[in-house]
Amino acid sequence: MKLKNDNWDVIVIGAGLAGLKAALELKKAGKSVLVIEARDRVGGRAKLGEICGQPIDHGGQWLGAQQSRFREQAQTLNVEIYPQYIKGKSLLSLNNKVSHFQSIPKLPLSSLWTLVRVYYRWQGDMKLMSDHKSWSAEKVQQWDRLSLDEWIKENVKNQIANDFTHLLVNAILCTNASKTSYLFFLECLRQGQGIKVMADVKGGAQQDKFVGGAWQITQKMADLLEGNIVLNRPVLSVQQDKNGVQVNCAESRFKAKKLIITAPPEYIEKIKFTPELTEEKSKLLQGMEMGNVIKVHIAYPTPFWRHRGLNGSVMSPDHHLGIVFDQSPHDEKIGILVGLIEAHHAIAMGSLSTEQRKKIVLSDLVHYFGSDAAEPLDYVDCNWDQEQWSSGGYAAHTKPGILSKYGNALREPFGHIHWAGTETATEFMGYYEGALESAIRAVKEVIETV
């Protein structure tokens, strides 16, 4: 593709939701903008899939009740929104026994009481995280040195409550509690408006979905940027001087006054910067790691669980497929379940073949739903650890001891370089909403200086 410009006002690295939003906002402001993407597609962590002729999201798919930016973006692009199916009872598998529940899982009273205490403890500690720049406080440093796993061992002695807490952590961060700090977890809770909002469907972060899938939002955004996106261009190096930046790919060179980088931390770390990034920024990038997740879809002739008074949702801390939701189309012409394999389960399952994973997933589903789940029409999965330019999901977390020392470099501009992407969000980090918030913030920084 022949580009219209040789020198741009702004270059954006990454054609995911944050990069596309930044480019559209810059274009609206009258700036010339070029988006450079390493993949052969747009979307980043939004990715189209298909099962039995139905489009599905291999990446993120939900729209939270509080996520106004993402809702507005979908409505602007005429993407229809509909609620996650919740009619009927949910399932909980604990100690290999399956139980039904309407709103509160059936746990022993002592376990429920422990979880209530944990909830209010998190709520109280979150209040001290109300300002994202408060990471130098003494209490905050203590929380950062403490791994989330150490905090759970110290505060959640009840074994069932302990298992349930780890299930929540895996679902939110896609990583084992030993790999991140209590501070980082609190920051996630603060940004996500608390564990209740992050875990709930109605009134929470899984309230709504998009007819046809969330992936089409990024595609429609990219369509508005035709002629301003180049694909298959991994960035190798970035040079900057007083006049601007030069972005170097294997066979291409692009120049601009400003640069916005939206790529995941692991990818940024591989780019050679001249001059070099600050030590604080480099240490931060080195201390960030993507979570591990495999997303699976399983299609059946009918949504048989609905006919049995179930809503298709499952929680289980003791099986590989720990989270399941109903993904069936409105007309119920087929039934679809979507499941998430996270953290250490994803690492273990990632080394297996698709057929081996399918066998384990179906075994888990038969345990949850009975023999009706044994013979699906089709099975499709996406191992995000093997996505070259993502290297995991949903987002990156910081290792213990990193956030309090180097967190101030997360969004701090470096010369002409500005940072966006969901990891840099101040609200709903790890969500599409956070990606949009980060893009709007970065564009504001750029426009003020161009």
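W122 and F185 are both buried, where buried means under 20% relative accessible area, exposed means over 50% and partly exposed lies in between (1.4 Å probe, protein chains only). The model is a predicted one, in which local features need pLDDT of at least 70 and side-chain atom pairs count only at pLDDT 80 or more, while totals for chains, interfaces and linings use all residues. Residues are numbered from 1 along each chain as its sequence is written, and side-chain values use heavy atoms, with hydrogens and water left out.

The structure holds 16 aromatic pairs; rings of Phe, Tyr and Trp (its six-membered ring) pair if their centres lie within 6.5 Å, and the planes count as stacked when under 30 degrees apart, edge-to-face when over 60 and tilted for the rest. For W122 and F185, the ring centres are 4.9 Å apart and the planes stand at 70°, so this pair is edge-to-face. Because W122 belongs to helix α3 and F185 to helix α7, the pair ties together parts that are 63 residues apart in sequence. Helices (H or I, at least four residues) and strands (E, at least two) are DSSP runs, numbered from the N terminus. The two rings also belong to a cluster, in which ring pairs link W122, W143, W151, Y182 and F185.

The helices that carry this pair can be looked at next. Two packed helices are described by the angle between their axes and the distance between the axes. Helix α3 (residues 109-127) and helix α7 (residues 182-191) pack at an angle of about 85°, and their axes are 9 Å apart. These axes are lines fitted to C-alpha atoms, for helices over the stretch in contact, and angles run from 0 to 180 degrees between N-to-C directions. Helices α3 and α7 are therefore roughly perpendicular to each other, a label for angles of 65 to 115 degrees, with under 35 counting as roughly parallel, over 145 as roughly antiparallel and the rest as oblique. On the α3 side the contact is made by R121, W122, D125 and M126, and on the α7 side by Y182, F185, L186, L189 and R190, contact meaning heavy atoms within 4.5 Å. The residues of this contact divide into six nonpolar, no polar and three charged; here Ala, Val, Leu, Ile, Met, Phe, Trp, Tyr, Cys and Pro count as nonpolar, Asp, Glu, Lys and Arg as charged, and the others, Gly among them, as polar.

L189, placed in helix α7, is buried, with a relative accessible area of 0%. Leaving aside neighbours within four places in sequence, L189 is in contact with W122, M126, I172, G194, I195 and M198.

A further aromatic pair is formed by Y267 and W389, which is edge-to-face with 5.1 Å centre to centre and 70° between the planes. This pair links distant parts of the chain, 122 residues apart: Y267 is in helix α10 (residues 265-269), and W389 is in the loop between β19 (378-383) and β20 (396-398). Y267 is buried, its relative accessible area being 10%.

The charged end of K295 sits over the ring of W62, 6.0 Å from its centre, and the charged end of R306 sits over the ring of Y85, 3.7 Å from its centre. Such a charge is assigned if NZ of Lys or CZ of Arg is within 6 Å of the ring centre and within 35 degrees of the ring normal.

W305 lies in helix α12 (residues 304-307) and counts as buried at 0% relative accessibility. Neighbours within four places in sequence aside, W305 is in contact with Y300, L310, N311, G312, D326, S328, G335, I336, L337 and F369.

The backbone deserves a look as well. A cis peptide bond joins T274 and P275, with omega about 0°, and P275 lies in the loop between β13 (272-274) and α11 (279-286). Another cis peptide bond joins G393 and Y394, with omega about -10°; Y394 lies in the loop between β19 and β20. N78 is not a glycine, yet has a positive phi of about 60°. This residue lies in the loop between α2 (68-76) and β5 (81-83) and, at 70% relative accessibility, N78 counts as exposed. N232, also not a glycine, has a positive phi of about 55° and is placed in the loop between β9 (229-230) and β10 (235-241).
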